[in-house]
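Have a look at the fold before reading on.

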Amino acid sequence: TETFGLAVAEAMSFGVPVVAAAAGALVERVAHETSGVLVSPRDPAALAAAVARLRAEPALRARLADGARAAAGRWSWAAHEVATRAVYERALLRSP
């Protein structure tokens with residue numbers, strides 16, 4: 001898995017419900033059954049079953065797509081700017 005999960009974050013920002021291995025940064029990016037589906041790493045049968053389930057259940061697919069879009073908003077540049085600014089402001093307040 002990649003370190004940041006950028007491909008997953010980008011897909012989620014477009015409302016794509018993600019099926020991903022429960023490993024690395026993907027565990028932080030994908031909320032199981034909320035914004036996507038996490039499966040055991042190195043388990044191709046579980047991966048195939050999760051994809052098949054999304055294909056077969058349009059309501060689940062739509063719910064996860066909405067959750068994916070909402071979750072991706074937390075990783076926008078604007079959200080990072082606000083969080084970074086808050087860190088600097090707290091640091092400045094603690095400075096002698």
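Predicted model: local features only at pLDDT ≥ 70, side-chain atom pairs only at ≥ 80, totals over all residues.

Numbering starts from 1 along each chain as its sequence is written, and side-chain values use heavy atoms, with hydrogens and water left out.

Twelve residues form the largest nonpolar core, including Val8, Met12, Val18, Leu26, Leu38 and Trp75. (A core here is a set of buried Ala, Val, Leu, Ile, Met, Phe, Trp, Tyr and Cys residues joined through side-chain atoms within 4.5 Å; buried means under 20% relative accessible area, exposed over 50%, partly exposed in between, with a 1.4 Å probe and protein chains only.) H1, strand S1 (18-21) and helix H4 (58-72) each give two or more residues to this core. There's also a second, separate core of six residues, with Val37 and Leu60 among them.

As for the pocket, its lining includes Phe4, Trp77 and His80. By type, the lining splits into six nonpolar, three polar and one charged. H1 supplies the largest share, four residues.

| Residue | Phi | Relative accessibility |
|---|---|---|
| Glu33 | near 70° | 23%, partly exposed |
| Arg42 | near 60° | 84%, exposed |

Glu33 sits in the loop between helix H2 (26-29) and strand S2 (36-39), and Arg42 in the one between S2 and helix H3 (44-56).

Definitions and conventions
1 Å grid on protein atoms, 1.4 Å probe; cavity = no way out; pocket = protein on both sides within 12 Å on 5 of 7 lines; lining within 4 Å. Nonpolar A, V, L, I, M, F, W, Y, C, P; charged D, E, K, R; others polar.
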